[in-house]
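Hi everyone, thanks for making time this morning. Let me put the model up on the screen and then walk you through it.

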Amino acid sequence: MWWGRNAERGRTQAERPSAARTECRDAHFSLVDFENQTQKFSMAPYHIRKYRESDRQRVLGLFSQGMIEHVPSAFRHILKLPRTLMLLLGGPLALFLVSGSWLLALVAGLTLLAALRHFIKYPWTKYVVDALHTDMSDITKSYMSERGSCFWVAESEGQVVGTVGALPMEEPSLRKKQLQLLRLSVALERRGEGIAKALVRTVLQFARDQGYSEVVLYTSAMQYSALALYPRLGFQKTHEYFYSRIWVLMAIPVIQFSYPLPSAQAS
């Protein structure tokens, strides 16, 4: 959903002129269709519509919060790694054996924990900063000014409570016409209402109408709700890799999912 080649492509998308006709406006379904489709999935008081510039601050807030909230689970994950336990226990113990001071050993242990917390928070924060300087720096230009791409929000009582975007995969070597699902996020207080499910289905319907053969996304192993959601919607796990060296150290892989569209399979 959010890794892979997103950052580089987002930079390219942001540089494209905004004069091109918006493909999501050319889609064969209207805002009313979006709302009706949403109501089929859930009776929750929300509807899905296309992004507007007035949504910008709320969308960026949801995206940033949705990423940073994974830091605590990542911290707990790395604390369970054998190499982490060895560092946290072995370091202070070695210091005690050398100095004979339990107080010094305790301070050293707490310092290591604080440093570890900062180490874990850094890649998540960096990812958010990179996104805010690429595709999320100008959502209208990145998602709404090119054919075959779009950005949607879920709105409830005048408040944006969910987001999702879609961009074509730019891989000239691929024979498949792929659409990438990005920036799926739902407000913490509105989870469990089927909003994420409705947003993903909106992207799938858009992909079908635009003639894509497959929808792909990337997510991390720490995003447990996403890992449970996508298989239930028919996505298949296709690849697993590490985004960078720091993710290798944390033992947190990136997982790729794909959704082959029925029309493409039939052909």
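Let's start at Ser 213, which is found in the loop between H9 and E5. Helices (H or I, at least four residues) and strands (E, at least two) are DSSP runs, numbered from the N terminus. Ser 213 has a relative accessible area of 18%, so it counts as buried, which means under 20%, with exposed being over 50% and partly exposed in between (1.4 Å probe, protein chains only). Ser 213 and Leu 179 are 34 residues apart in sequence, and their C-alpha atoms are 8.1 Å apart in space.

A quick word on ground rules. This is a predicted model, where local features need pLDDT of at least 70 and side-chain atom pairs count only at pLDDT 80 or more, while totals for chains, interfaces and linings use all residues. Residues are numbered from 1 along each chain as its sequence is written, and side-chain values use heavy atoms, with hydrogens and water left out.

Now on to strand E5, residues 214–220, where seven of seven residues are buried. Glu 214, Val 216, Tyr 218 and Ser 220 point one way, Val 215, Leu 217 and Thr 219 the other, and all are buried. E5 pairs with strand E4 (residues 178–186) in the parallel sense over three bridges; for two strands to pair, DSSP has to find at least two bridges between them. In E4 and E5, Gln 180 stands opposite Val 216.

Val 216 also touches Gln 256, which sits in strand E7, residues 254–260. Beyond its neighbours within four places in sequence, Gln 256 is in contact (heavy atoms within 4.5 Å) with residues including Leu 217, Tyr 218 and His 239. Gln 256 is buried because its relative accessibility is 16%.

Let's zoom out. The protein has 12 helices and seven strands, and 48% of its 267 residues count as buried. Of the contacts with a separation of 6 or more, 74% are between residues 24 or more positions apart.

Which residues touch the most other members of the largest nonpolar core? They are Ile 120, Phe 151, Leu 181, Val 200, Tyr 230 and Phe 235, in a core of 66 residues. Helix H9 (residues 195–209) gives the largest share, eight residues. Such a core is a set of buried Ala, Val, Leu, Ile, Met, Phe, Trp, Tyr and Cys residues joined through side-chain atoms within 4.5 Å.

Next, charges. Side chains of opposite charge can pair when their charged atoms come close. We count a salt bridge when a side-chain nitrogen of Lys or Arg is within 4 Å of a carboxyl oxygen of Asp or Glu, and the count comes to eight. Arg 49, Asp 55 and Glu 155 are linked in a network: the closest N and O atoms are 2.8 Å apart for Asp 55 and Arg 49, and the Arg 49 to Glu 155 distance is 3.2 Å. Is Arg 49 buried or exposed? Arg 49 is buried, at 2%; Asp 55 is buried at 5%, and Glu 155 is buried at 13%.

By contrast, Glu 189 forms a salt bridge with Arg 58 at 3.8 Å, and here Glu 189 is exposed at 56%, while Arg 58 is partly exposed at 27%.
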